[in-house]
Protein chains: 2
Amino acid sequence: MKGGNYTSLGTYSGISGSGSGNMSGTSKMSLGKSIKMYLTIFILTTCIYMALYQYHISREPFPASEVVKPPLYIITPTYRRPEQLAELTRLGYTLKHVVNLLWLVIEDANKTNPLVGHTLDRIGVPYEYMVAPMPEKYKQTKKAKPRGVSNRNRGLEYLRQHATEGVLYFADDDNTYDISIFEQMRYISKVAMWPVGLVTKTGVSSPIIQEGKLVGYYDGWIGGRKYPVDMAGFAVSVKFLKERPNAQMPFKPGYEEDGFLRSLAPLADAEIELLADDCRDILTWHTQTKKNAPGQPLNRTRYKNTNLEHIDRLLVRP
Amino acid sequence: MKGGNYTSLGTYSGISGSGSGNMSGTSKMSLGKSIKMYLTIFILTTCIYMALYQYHISREPFPASEVVKPPLYIITPTYRRPEQLAELTRLGYTLKHVVNLLWLVIEDANKTNPLVGHTLDRIGVPYEYMVAPMPEKYKQTKKAKPRGVSNRNRGLEYLRQHATEGVLYFADDDNTYDISIFEQMRYISKVAMWPVGLVTKTGVSSPIIQEGKLVGYYDGWIGGRKYPVDMAGFAVSVKFLKERPNAQMPFKPGYEEDGFLRSLAPLADAEIELLADDCRDILTWHTQTKKNAPGQPLNRTRYKNTNLEHIDRLLVRP
């Protein structure tokens, strides 16, 4: 029991108190000695309690809020679909393990969805929820659409307006992240890269490192790209971004990462920092979630006055 | 600053100490008074430090380990595939938010995989990693295989041997869970049920509740089942399980949940506890992850002495 020390000291002071009864009737000399004795006991006891007090203060954990780490800005594009709330919930619980992080959740929509807001509130990660619809001209195309580009550029705009330091990272809501990558990217000064698992036929997309130097890229699809990397495989310092006022992501399916990284020029290969144990470890995965058909409409006559009326309102239908 | 109180008290004792210089040469009577004064100061100071000490002890956060909640046993079947480490990582970070939980990760394999063990270590959730291969006769069939049944029955066997209280839950590694469901299931006494999102064409699988009572099940596929529920939609108390020594999961694709719940008889519908706000909220989702082809073999001549040799060892190939 922690109270043990304190109790025995209390008893000790009691003993010295009862000793004072023997003092009356003794000489001036011995009274002077008694005073010295009391003073000694007094100072000793005070010192012991001071030491105990200091010890307990020193053992209190250092408050996490006082450890100021550079902030992380996680830009997550999202869009309305049956899996949306599940994906955000799952990613949110990973981000919830990371301190000093702001989650920028940006939906390809004309207005926010209260179900998404409610889900983000429930997860409990600090967030900003914004919308950034895809421009109409790209919606019409029969070819691959530039998904998530409006959203990510909206995130960059937010950072130019509100951020001064720290690091930005594009984290799609269906991917998987080992939390240690967040602590590693926090301290970069320009651009950092690392491997991403489950990308194309090679099973991984990674910078190639030989003798500590970046010598190329390993990916099942190179496609004439200068930076054949996955969206989950790089992070950029906010200061570095702000020194390149025109940097943004192009509306060019398959070339979003490459276009954005090129727009950060000048950037020498030697300036690219290599994380995840010099790109020898896999800490991010490009997981994809199977699409579900929208839930069929509820028979409101048959299920009147049941819990299903409540549940029906929680289903996200595109 | 927290040291403030302590410093000012130190100063106070210094003042009373310097006062002792005036004592020499005074009468016995006034020396007696001085002793009383010293005693008073001594006791007062001691009391103040005792109070400060107690105050600081009382302010220390109550250690989490002393809050004894009923344990949760999370049974997660898994099998070798490219997504395996990603799925376990992602689920692990959700479970990491839940206290007093033991994660039983059981692989359909003849021996454990060091990569899986390493991943579980890295996540940091208390776990047991075991194997339980599917019996040969089911592997041969051309029809749907009873996946995860050996694993889950191995988990039940572990609980019969090692657990005495708490709750068990079957949590597949690709699903999504809101952590509040774990706190709700922790206190059930027999069997609890709740809705699961993204199941079949209805978009949700749920018990139907009318006037607070379970009156049926809502699911796109009923299939003659007594309990047409998803694996993610129920939990069972360990005590209740142990009172039914023959309860287990059948090797019958599509009827695993139903067969297991039937094997828990006798179980009256009125005994089934309803969680997630009386089944009006969705706190679990049957998400599925897109399968990836195994990563193609690395060209070991071309990529000799690069980081890719290390990465190649981290890829899970079936």
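Biologist: How many residue pairs are in polar contact across the interface of chain A and chain B?

Modeller: This is a predicted model, and the rule finds 33 such residue pairs across that interface, both residues being at pLDDT 80 or more. The count of salt bridges between chain A and chain B is 4. One of the residues that form a salt bridge is B:Asp281, whose partner is A:Arg122, with the closest N and O atoms 2.8 Å apart.

Biologist: What rotation superposes chain A on chain B?

Modeller: A rotation of 180 degrees, with 0.2 Å of shift along its axis, gives an RMSD of 0.6 Å. That is the relation of a two-fold axis. The same surface serves both copies, as 99% of the contact residues of chain A recur in chain B.

Biologist: Which residue of chain A comes closest to the rotation axis?

Modeller: That is A:Thr289, whose C-alpha lies at 2.1 Å from the axis.

Biologist: Changing topic: in what order do the strands of the open sheet in chain B run?

Modeller: The 7 strands follow the order E3-E2-E1-E4-E10-E6-E11, with mixed pairing. Strands E3 (127-131) and E11 (272-274) of chain B are at the edges with a single partner strand each, so one side of each has no neighbour in the sheet. From one strand to the next, the twist averages 25 degrees.

Biologist: Do E6 and E10 of chain B pair in the parallel or the antiparallel sense?

Modeller: Strand E6 (residues 191-193) and strand E10 (residues 234-237) of chain B are antiparallel, over 3 bridges. Within this pair, B:Ala192 has B:Ala235 as its bridge partner.

Biologist: Which strands does helix H4 of chain B touch?

Modeller: Helix H4 (residues 114-123) of chain B packs on the sheet against strands E2 (101-107) and E3 of chain B, and its direction makes about 165 degrees with that of E3(B). Helix H6 (residues 149-162) of chain B lies across E1 (72-78), E2, E3 and E4 (167-170) of chain B, at about 150 degrees to E1(B).

Definitions and conventions:
Residues numbered from 1 in each chain as written. Chains lettered and ligands numbered in written order. Predicted model: local features only at pLDDT ≥ 70, side-chain atom pairs only at ≥ 80, totals over all residues. Heavy atoms only, no water. Least-squares fit on C-alpha atoms with pLDDT ≥ 70 in both. Contact = heavy atoms within 4.5 Å. Pairing = 2+ DSSP bridges. Helix = DSSP H or I, 4+ residues; strand = E, 2+ residues; numbered from the N terminus. Axes fitted to C-alpha atoms, helices over the stretch in contact; angles between N-to-C directions. Salt bridge = Lys/Arg side-chain N within 4 Å of Asp/Glu carboxyl O. Polar contact = N/O pair within 3.5 Å; in protein donor to acceptor, adjacent residues only side chain to side chain.
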